[in-house]
Amino acid sequence: MQMNVVPHLLTEDRAEYERLLDDALSTAHTRPDLDGAGTRLTLAQLRSLTLNATTLVTSAAASEYDHFVKVREQNRSAPVSRTPASSDRPGPGPGPGVVAILTVFVPVLAGAAAVIFLLVGAVLHALAPTMVFGATLLTAGLVFGVVAAAGLLCAAAGLLLTALRNSPAEVSAGGPPAAPDDELSLAREAWRRALLERGILPFLRDVLAATAPPPGPPVP
């Protein structure tokens, strides 16, 4: 006999035990082995007797319950044990830095300067086509336009590299469901099946057999 099994049903699992008992009693009329349920003893009486014998009934599935409790505790502690692993991933770094700031502001400032120089240069060139200053402003506007376009390309390339760098971590973090959840479901189902087939139903059969009327005298 195993000595490491849980001796008593934990409070959080009593509702599951009562649910299994209620399901068995609700289908007792369809089970020939539970003949007499509701007649010799009412369903309420059978339920009360089974609840009073909770320790006896649940001991029939003690090994399955012990495994279920162990898996559940391991599953509950799993997120705590996985927390340090998440800190091993590289962080975002000390900050954006000068390069990042320039990458953001250079296209904006260059674009604004290009628009201003082009507008002013176009106006001056239209009013005084021979004025050299207007042509100079137009040239400066084109130069700032090229700088703004180059800055936008650099910013887009930086965003693309950042997305490619972070995508593997995100995929690995949000991968398939954790195996402990599947193991917990299997352990719970195994305990439920054992508790029903080796604990609740045999106890109900024994109670009904004990209350069965004695056989009549043999017919001569």
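Which residues do ring pairs link into a cluster? In this predicted model, local features need pLDDT of at least 70 and side-chain atom pairs count only at pLDDT 80 or more, whereas totals for chains, interfaces and linings use all residues. Residues are numbered from 1 along each chain as its sequence is written, and side-chain values use heavy atoms, with hydrogens and water left out.

The cluster consists of Y65, F68 and W191, joined by ring pairs. Rings of Phe, Tyr and Trp (its six-membered ring) pair if their centres lie within 6.5 Å; planes under 30 degrees apart count as stacked, over 60 as edge-to-face and the rest as tilted. The count by this rule is 3 aromatic pairs. One of them, Y65 and F68, is tilted, with 6.3 Å from centre to centre and 50° between the planes. These two residues lie 3 residues apart in helix α4 (residues 62-87), and are therefore separated by about one helical turn; helices (H or I, at least four residues) are DSSP runs, numbered from the N terminus.

F68 also pairs with W191: the ring centres are 5.5 Å apart and the planes stand at 5°, so this pair is stacked. The pair links distant parts of the chain, since F68 belongs to helix α4 and W191 to helix α7 (residues 179-210), 123 residues apart. F68 counts as buried because its relative accessibility is 1%, and W191 counts as buried because its relative accessibility is 1%. Y65 is buried as well. Buried means under 20% relative accessible area, exposed over 50%, and partly exposed in between (1.4 Å probe, protein chains only).
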